[in-house]
Amino acid sequence: MKTFTSLKGALALTALAWLSELWRTLIDASQGFHSNATEGSLLFAFTAGYALVLAGWAYALYSASHGSRGGLLATFVLNAFMWLAVPLGTVFFYCPGFCDSSIINIANALNLILGLLAGVALAMALRRRNQTDAVSETASV
């Protein structure tokens, strides 16, 4: 259990959540994004936006792995955003219950589980980091 509550464990879970989201993105892209975005410019804008969010999340994860507190916070925020936007959005708005495609259901379940676990682990890492920073500030005074 301690492995997943450490910073390295939290970042590993987040990397798995990122990979599962990338897999889900590729499934969505191969099936036309499951939306009415069939116009070229709208589809391009949606694809570019999704790619930018995933790239930003990857960069935040990279920064957090190199000790950046801002990177850790950005990783937490982007993980939470993607967890709320895609898998929960699918469950509540796109296809309540289950989708027709079993591969989408598997990817969505994986996104839900990994996103939640990563979010909890990141929150614990942020909390521990804040406590460590507070103790070091008190010791330096």
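Which residues of α4 are buried? Hold that thought for a moment, and start with the overall picture. This is a predicted model, and the protein chain comes out as six helices with zero strands. Of the 141 residues in the chain, 33% are buried.

**Overall layout**
- Reading from the N terminus, the elements simply go α-α-α-α-α-α.

**Helix α4**
- Back to the opening question: the buried residues of α4 are Gly 71, Leu 72, Thr 75, Asn 79 and Met 82.
- Looking down the axis of α4, you'd see these buried residues fall within an arc of 100 degrees, so they line one face of the helix.
- Helix α4 covers residues 69-85, which is 17 residues. From first C-alpha to last, α4 reaches 24 Å, close to the 24 Å expected at 1.5 Å a residue.

**A nonpolar patch on the surface**
- Over on the surface, Trp 23, Ile 103, Ile 106 and Leu 110 form a nonpolar patch. Together they have about 330 Å² of accessible area.
- Helix α6, residues 102-140, gives the most to this patch, with three residues.
- Ile 103 is one of the patch residues, and Ile 103 lies in helix α6.
- Ile 103 counts as partly exposed because its relative accessibility is 36%, and partly exposed runs from the 20% cut-off for buried to the 50% one for exposed.

Key:
Residues numbered from 1 in each chain as written. Predicted model: local features only at pLDDT ≥ 70, side-chain atom pairs only at ≥ 80, totals over all residues. Heavy atoms only, no water. Patch = residues over 30% accessible without salt bridge, like charges linked within 9 Å, V, L, I, M, F, W, Y side chains within 5 Å. Areas by Shrake-Rupley, 256 points an atom, 1.4 Å probe, with all protein chains shown as cover. Salt bridge = Lys/Arg side-chain N within 4 Å of Asp/Glu carboxyl O. Helix = DSSP H or I, 4+ residues; strand = E, 2+ residues; numbered from the N terminus. Buried < 20%, exposed > 50% of the residue type's maximum accessible area, 1.4 Å probe, protein only. Expected span 1.5 Å × (residues − 1). Arc of directions from axis to C-beta.
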